[in-house]
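Hi there,

Here is the structure I said I would pass on to you. Please have a look, and below it you will find my notes on what turned up.

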Amino acid sequence: MQEYLTATEIINWEDPAILELARQLKGRTVTETAQNCFEWVRDNIKHSWDYRLNPVTCTASEVLQAGTGHCFAKSHLLAALLRANNIPAGLCYQRLSINDDGAPYSLHGLNAVLLPEYGWYRIDSRGNKATVNAQFHPPVEQLAFKPAIEGEMDLPGIFSDPLPDVVAALRNNPTSEAFVANLPDLTPANRTAFSL
């Protein structure tokens with residue numbers, strides 16, 4: 001379980017600003033703390049594409065400082081806040097149709113948190129809008145998206161650090177427009193990571 005608590009280059013929860021926010025979000029129980037962290041990231045960090053914001057952030061501390069991030073980046077901050085509160089947290093991925101009608105596809109980033117009463121529970125802090133209503137209601141998952149057509153899927157596994165392809169896409173595209181034009185999808189390398 002230690003790998004889901006560790007600070008990494010991307011999930012850098014030892015950053016002082018993250019530690020302070022994590023302290024503020026700490027609840028009376030693990031589940032309450034997890035909900036507080038989830039709702040804070042969902043509601044206070046603006047989804048970069050929804051709001052057409054820059055820069056493209058990657059590390060948890062960058063997301064917190066800029067107040068914006070794409071789904072992957074928001075999941076990095078949420079994992080950091082949970083780990084800073086000593087709650088095991090990892091990263092999960094879905095493959096979704098970009099236009100809801102088949103190819104092209106893109107990965108989508110979300111989290112899994114280990115709750116004492118329920119085990120691993122997936123949560124999606126990408127940010128709600130008219131067509132998205134992600135909530136925290138364990139043990140029932142209420143994610144932002146549900147794979148529904150051929151080619152879409154919930155990818156297996158809970159990762160302790162983000163996929164290299166995701167980090168590369170965030171690092172190599174300086175604007176939201178460039179990032180959205182180069183969204184990460186399944187490649188031979190990450191198919192191996194998912195054991196597909």
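**What I found**

Asp100 lies in the loop between S3 and S4. Before going on, please keep in mind that this is a predicted model. Asp100 has a positive phi of about 65° although it is not a glycine, and it is exposed, with a relative accessible area of 62%.

A cis peptide bond with an omega of about 5° joins Ala103 to Pro104. A further cis bond links Pro138 and Pro139, with omega at about 10°; Pro139 sits in the loop between strand S6 (135-137) and strand S7 (140-142).

Arg52 has a positive phi as well, about 50°, and is not a glycine. You will find Arg52 in the loop between helix H3 (48-51) and H4, where it counts as partly exposed at 47% relative accessibility.

**The chain as a whole**

The secondary structure comes to 8 helices and 8 strands. The radius of gyration is 15 Å, close to the 16 Å that the globule rule gives for 196 residues, so the chain is as compact as a globular protein of that length. Its C-alpha atoms fill a box of roughly 45 × 35 × 35 Å along the principal axes. Buried residues make up 52% of the 196 residues. Of the contacts between residues at least 6 apart in sequence, 61% join residues at least 24 apart. The chain exposes about 9,000 Å², and carbon and sulfur atoms supply 51% of that area.

**The core**

Which residues have the most contacts inside the largest nonpolar core? They are Ile18, Phe72, Leu77, Leu81, Leu82, Tyr93 and Val113, in a core of 49 residues. Among the elements that each supply at least two residues of this core are helix H1 (16-25), helix H2 (30-44), helix H5 (71-84), strand S3 (89-97) and strand S4 (105-115). The largest share of the core, 9 residues, comes from H5. Leaving out residues up to four places away in sequence, Val113 touches Ala34, Leu82, Ile87, Pro88, Ala89, Gly119, Trp120, Tyr121 and Ile123.

Is Ser75 buried or exposed? Ser75 is buried, with a relative accessible area of 3%. A polar atom of its side chain lies 2.6 Å from the backbone oxygen of Phe72.

**Helix H6**

The buried residues of H6 are Val166, Val167, Ala169 and Leu170. They cover an arc of only 160° around the axis, which puts them on the same side of the helix. An α-helix has 3.6 residues a turn, so residues three or four places apart point the same way. Pro164 and Asn172, on the other side of H6, are exposed. The buried residues of H6 pack against H5, S3, S4 and helix H7 (176-181).

Best wishes

How values were computed: Residues are numbered from 1 along each chain as its sequence is written. This is a predicted model: local features need pLDDT of at least 70, side-chain atom pairs count only at pLDDT 80 or more; totals for chains, interfaces and linings use all residues. Side-chain values use heavy atoms; hydrogens and water are left out. A nonpolar core is a set of buried Ala, Val, Leu, Ile, Met, Phe, Trp, Tyr and Cys residues joined through side-chain atoms within 4.5 Å. Buried means under 20% relative accessible area, exposed over 50%, partly exposed in between (1.4 Å probe, protein chains only). Helices (H or I, at least four residues) and strands (E, at least two) are DSSP runs, numbered from the N terminus. Contact means heavy atoms within 4.5 Å. The arc is that of the directions from the helix axis to the C-beta atoms. The radius of gyration is taken over C-alpha atoms; the globule rule is 2.2 Å times the number of residues to the power 0.38. Accessible areas come from the Shrake-Rupley method with a 1.4 Å probe; for residues, only the protein chains shown count as cover. A polar contact is a pair of N or O atoms within 3.5 Å; within protein, one must be able to donate a hydrogen and the other to accept it, and residues adjacent in sequence count only if both atoms are side-chain atoms.
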